Amino acid sequence: MNKTILATGVFFGLTAVIFGAFGAHGLEGLVDAKSIASYKTGTDYQMYHALLLLALGLLPQLEKKHKKQIFIFLVAGIILFSFSIYILSIDTILGFNAKSIALTTPIGGLLLIIGWFLLGYRIFKHFN
């Protein structure tokens, strides 16, 4: 499980850098400043949670089943939160109105919050 968590963290970190570079250099002139700022929020949160996945994979104190539960919430949260922001930010480039997926962003955010909560709960439970 640790290997999967670490590999996923590396993947999301790598793609956050790639998406961030695209947002900083490739979107200029194609979308408005508000869309670029929103896109950057997506890459920032993806990177934060990629780093969290790396830390999770390196925590020896947590049981495999607890790591897996946290991992699932974080991965689903990254995909729903960050990737919906990417699509919403570039919907004019894609040529369609992506507003129909706007609800996935807060759902993804909630999953990230649950992942953090579960991590904190398991850490504090372990050390008490």
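The chain has a mean pLDDT of 93, with 100% of its residues at 70 or more; pLDDT is the predictor's confidence in each residue, from 0 to 100. The structure is a predicted model, in which local features need pLDDT of at least 70 and side-chain atom pairs count only at pLDDT 80 or more, while totals for chains, interfaces and linings use all residues. Residues are numbered from 1 along each chain as its sequence is written, and side-chain values use heavy atoms, with hydrogens and water left out. Helices are DSSP runs of H or I with at least four residues, numbered from the N terminus.

Helix H2 (33-58) contains 26 residues, and its first and last C-alpha atoms are 38 Å apart, close to the 38 Å expected at 1.5 Å a residue. The expected span is 1.5 Å times one less than the number of residues. Buried residues (under 20% relative accessible area; exposed, over 50%; partly exposed, in between; 1.4 Å probe, protein chains only) of H2 include Tyr-39, Gln-46, His-49 and Leu-53. Their cover includes helix H1 (2-26), H3 and H5, where contact means heavy atoms within 4.5 Å.

Helix H5 (residues 104-126) has 23 residues and should span 33 Å, which agrees with the 33 Å between its end C-alpha atoms. Among its buried residues are Gly-108, Leu-112, Gly-115, Leu-119 and Arg-122. The buried residues of H5 pack against H2 and helix H3 (64-89).

Two salt bridges are found in the whole structure, each defined as a side-chain nitrogen of Lys or Arg within 4 Å of a carboxyl oxygen of Asp or Glu. Side chains of opposite charge can pair when their charged atoms come close.

Phe-96, in the loop between helix H4 (91-94) and H5, is partly exposed at 44% relative accessibility. Together with Ile-87 and Leu-94, Phe-96 forms a nonpolar surface patch of about 260 Å² accessible area. Patches comprise residues with over 30% relative accessible area and no salt bridge, with like charges joined within 9 Å and nonpolar side chains (Val, Leu, Ile, Met, Phe, Trp, Tyr) within 5 Å. Accessible areas come from the Shrake-Rupley method with a 1.4 Å probe; for residues, only the protein chains shown count as cover.

Terms used: Helix = DSSP H or I, 4+ residues; strand = E, 2+ residues; numbered from the N terminus.
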